[in-house]
Amino acid sequence: MRKPWLSPVEQVQCLKEKGITFDLMAEGEAERYLAANSNYFRVASYRHGFPRVVGGENDGKYINLDFAMLKDLSIIDYLLRQTLLPMTIDVEHFAKMDLLSWIEEHSGDGYELVHSFLEAKTHINPQGEPVCRILDEINRGSAGVYTDKMIERYRDDEIPVWVFLELIPFGTFCHFWKHCSWEGGDKSMEGRYYLLQDVKNLRNACGHNNCILNGLESGTAKHRASREVVNAVRDAGVAEAMRKSKLSNGRIQHITSALYLHHMMASDGVCSHTGERLNLLLERMDKHKDYYLKCDQIRTMFEYMRILANAWYGTSTNGD
């Protein structure tokens, strides 16, 4: 059934019918926020995870949930994405540096691995012509102003790896990383491919401005967290129950992989700068922490982030 278009005034009334109160933020202020700062669909989505009445005339209505809490989560989620996105870009950069070092140590040939990768990704179309999606993807960049000179210089498939890495998107880089691990028979390197995939998924979510904090329930991960990450989270001081709960959520699993790889791969200076950004994020999470005392999904997510940030980046907030 199609849902009707609602004005900000009607949106507030709809939220009130769900049991959401407007004691901490007046209805008029909420209406202005919904009209100018965010939309109903996004803000209302943060209600998931808050407790609701079971049975009786108020069945399904939210308990002690005020609109100000939804607004607060919307702001924190924005800051979370603004903190995580640069970290995923850092991981991509340092992973490329690591791969170049690996190739220098194991191959020393700047062309052969690229050639074998492109060959593996080439198929014959119905017209009997070889087609390589990756080369097509690269060549489409020739119309741009950032990579056009490189593409013009290396028009055919004889592309050195140091140029190739500048031309491919993160997703293709992940597959190239896996190809190199197979060619070199490097199991530990292959395992890291799956963590890079987590980081790529998180980068896409942040880049597309997807909400994160509106889906923190356990049991949503599409695969188990890697043993490497599980052990690192344990060593960071996360208790077993919290560890199992958080790492069974797909979004939190992606965030954990990004934090882990970043603090393992990035330079000291980059990690120090990131620690400062994380510290500001954690301080903002604490601003209205009393809002979430009865919302375990949010309260424990903030606690989990704090433990990892303190252990891996030396942040100083303790939530007190």
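Reader: Is helix 13 largely enclosed or open to the outside?

Author: In this predicted model, helix 13 is largely enclosed by the rest of the structure, because 12 of its 16 residues are buried.

Reader: Which residues of helix 13 are buried?

Author: The buried positions are Gly 250, Ile 252, Gln 253, Ile 255, Thr 256, Ser 257, Ala 258, Leu 259, Tyr 260, Leu 261, His 262 and Met 265.

Reader: And what span should helix 13 have at 1.5 Å a residue?

Author: Its 16 residues should span 22 Å, and the end C-alpha atoms are 22 Å apart, which agrees.

Reader: Where in the protein is confidence highest, and where is it lowest?

Author: Helix 13, residues 250-265, has the highest confidence, at 98. The lowest is in strand 2, residues 130-132, with a mean of 85. Over the protein the pLDDT averages 93, and 98% of the residues score at least 70.

Reader: Now the overall build. How many helices and strands are there?

Author: The protein has 15 helices and two strands. Its C-alpha atoms fill a box of roughly 70 × 50 × 35 Å along the principal axes. Of its 320 residues, 47% count as buried. Among contacts with a separation of 6 or more, 71% are between residues 24 or more positions apart.

Reader: What about the largest nonpolar core: how many residues does it have?

Author: The largest nonpolar core has 99 residues, and those with the most contacts inside it are Phe 67, Leu 99, Phe 164 and Phe 176. Helix 4, residues 67-106, gives the most to this core, with 15 residues. As a general point, nonpolar side chains in soluble globular proteins tend to be buried together.

Reader: What does Leu 99 touch?

Author: Apart from residues up to four places away in sequence, Leu 99 touches Leu 165, Phe 173, Phe 176, Trp 177, Cys 180 and Met 189.

Reader: Thr 88 is in helix 4 too. Is Thr 88 buried or exposed?

Author: Thr 88 is buried, with a relative accessible area of 0%. The cut-off for buried is under 20%, so Thr 88 qualifies. With neighbours within four places in sequence set aside, Thr 88 is in contact with Phe 170, Val 199, Leu 202 and Arg 203.

Reader: Turning to helix 10, how far does it reach from its first C-alpha to its last?

Author: Helix 10 covers residues 187-207, which is 21 residues, and reaches 31 Å, close to the 30 Å expected at 1.5 Å a residue. Asn 209 follows helix 10 and has a positive phi, near 65 degrees.

Reader: Gln 11 is in helix 1. What is Gln 11 in contact with?

Author: Beyond its neighbours within four places in sequence, Gln 11 is in contact with Leu 6, Leu 34 and Tyr 40. Gln 11 counts as buried, at 11% relative accessibility.

Reader: Finally, where does Tyr 111 lie?

Author: Tyr 111 lies in the loop between helix 4 and helix 5 (112-120). Tyr 111 is partly exposed, with a relative accessible area of 36%. Leaving out neighbours within four places in sequence, its contacts are Glu 158, Ile 159, Pro 160 and Trp 162. Tyr 111 and Phe 22 are 63 Å apart, C-alpha to C-alpha, and 89 residues apart in sequence.

Notes. Residues are numbered from 1 along each chain as its sequence is written. This is a predicted model: local features need pLDDT of at least 70, side-chain atom pairs count only at pLDDT 80 or more; totals for chains, interfaces and linings use all residues. Side-chain values use heavy atoms; hydrogens and water are left out. Helices (H or I, at least four residues) and strands (E, at least two) are DSSP runs, numbered from the N terminus. The expected span of a helix is 1.5 Å times one less than its number of residues. pLDDT is the predictor's confidence in each residue, from 0 to 100. A nonpolar core is a set of buried Ala, Val, Leu, Ile, Met, Phe, Trp, Tyr and Cys residues joined through side-chain atoms within 4.5 Å. Buried means under 20% relative accessible area, exposed over 50%, partly exposed in between (1.4 Å probe, protein chains only). Contact means heavy atoms within 4.5 Å.
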